[in-house]
Amino acid sequence: KGLENHTVGSGFILLGFSGHSSLQGLCFAAFLVIYLVVLTGNSLIALITVVDSSLHSPMYFFLRNLSFLEVCYTSVTLPKMLVGFLMEDGRISFLGCAAQLYFLVLLGSIESLLLAAMAYDRYTAICDPLRYTLIMSRGLCIRLVVGSWIAVVPVQVGQTYQVFTLPFCASHDLHHFFCDVPPLLELACADTSWHRVMLYTIILVFAILPFSLIVISYIQIIRAILKIPSALGRHKTFSTCSSHLGVVTLFYGSATVTYLKQRPRDSVDADKYLALLYIIVTPMFNPVIYSLRNKEVRIALKR
């Protein structure tokens, strides 16, 4: 009990790039630029899809919510990382770590469900275009977004509570850039089998299941595209969907490998660098993929 209280009082130390002290300045500059790109790009998409009446379709409604999530998602981890690089101090309080973990897994799970909703939107638009406006009504879009929040919030509250009621060992060194479930479980001085089962169940429900629905949607979409007689029409339709598919592959692929693969002690460096893909790279490329490759967004941006 005394050891647990000591951990609560002193918090954790995020090691991050601590083994490469000569790169701290370079890392600060690089991650600052990335953060500004994420904030500017995603905020611009959200603003354009609100003020431009031509972008008030369901697809851009989901895109606006995705951009909002990306801004919040990166803001949970990157500011703390930047402070750590600048001050060369990776300390984070117990409550700060708990809050970071909660919002990280919360926003990540919601984004996973939102990507599945976007795939369903594309499936309906391409495979059932005559009934698209009837099926993808504004009410349904709102229910899908609100339902994602309602489904995820209590689950992630429970997971965060379970992790932070564990007794932690004397070492407070967290071999990661931010507070995440797998590295925190590595520090626990108790049997974490149940916690890992809980983690895998959450990954199954909020990652693998949505990804499976996305794959099924795109199989139907590809079948519909192959039936288009015009080669130009096939190319245009597939180009629209390939943007979403690119984001999906990067997000689900890196996140699933990070959380589900076995974690030998010598793999902690690989794990934390892999985590940067879904924490930083996906939010950074989201505005590029959805705006520069989208004619309607480019026209709205010029206006």
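This is a predicted model: local features need pLDDT of at least 70, side-chain atom pairs count only at pLDDT 80 or more; totals for chains, interfaces and linings use all residues.

Colleague: What is Met81 in contact with, leaving aside its neighbours within four places in sequence?

Modeller: Phe31, Phe177, Leu276 and Ile280. They count as contacts because heavy atoms come within 4.5 Å. Phe178 is worth a look too: Met81 and Phe178 are 97 residues apart in sequence, yet their C-alpha atoms are 7.5 Å apart in space.

Colleague: On to the cysteines. What makes Cys97 and Cys179 a disulfide?

Modeller: Their sulfurs are 2.0 Å apart. The cut-off is 2.5 Å, so the pair qualifies. This pair links distant parts of the chain: Cys97 is in helix 4 (residues 94-127), while Cys179 is in the loop between strand 3 (173-174) and helix 7 (181-186), 82 residues apart. Both Cys97 and Cys179 are buried.

Colleague: How do you know whether that disulfide is left-handed or right-handed?

Modeller: From the torsion about the S-S bond of Cys97 and Cys179: it is about -125°, so the disulfide is left-handed.

Colleague: And why do Cys169 and Cys189 get called a disulfide?

Modeller: Same rule: their sulfur atoms are 1.7 Å apart, and the limit is 2.5 Å, so they count as bonded. Cys169 lies in the loop between helix 6 (138-164) and strand 3, and Cys189 in the loop between helix 7 and helix 8 (193-226), 20 residues apart.

Colleague: Are Cys169 and Cys189 buried, exposed or in between, and what makes them so?

Modeller: Cys169 has a relative accessible area of 24% and Cys189 has 39%.

Colleague: How many disulfides does the rule give, and what is the pairing?

Modeller: The count is 2 disulfides. Number the bonded cysteines in sequence order and the pairing reads 1-3, 2-4.

Colleague: What about Cys141: buried or exposed, and why?

Modeller: Buried, because its relative accessible area is 3%, and the cut-off is under 20%. Cys127, at 30% relative accessibility, counts as partly exposed.

Colleague: Last one: which residues have the most contacts inside the largest nonpolar core?

Modeller: Phe12, Phe31, Phe62, Leu115, Phe164 and Leu184, in a core of 77 residues. Helix 4 gives the largest share of this core, 17 residues.

Note on methods: Residues are numbered from 1 along each chain as its sequence is written. Side-chain values use heavy atoms; hydrogens and water are left out. Helices (H or I, at least four residues) and strands (E, at least two) are DSSP runs, numbered from the N terminus. Buried means under 20% relative accessible area, exposed over 50%, partly exposed in between (1.4 Å probe, protein chains only). A nonpolar core is a set of buried Ala, Val, Leu, Ile, Met, Phe, Trp, Tyr and Cys residues joined through side-chain atoms within 4.5 Å.
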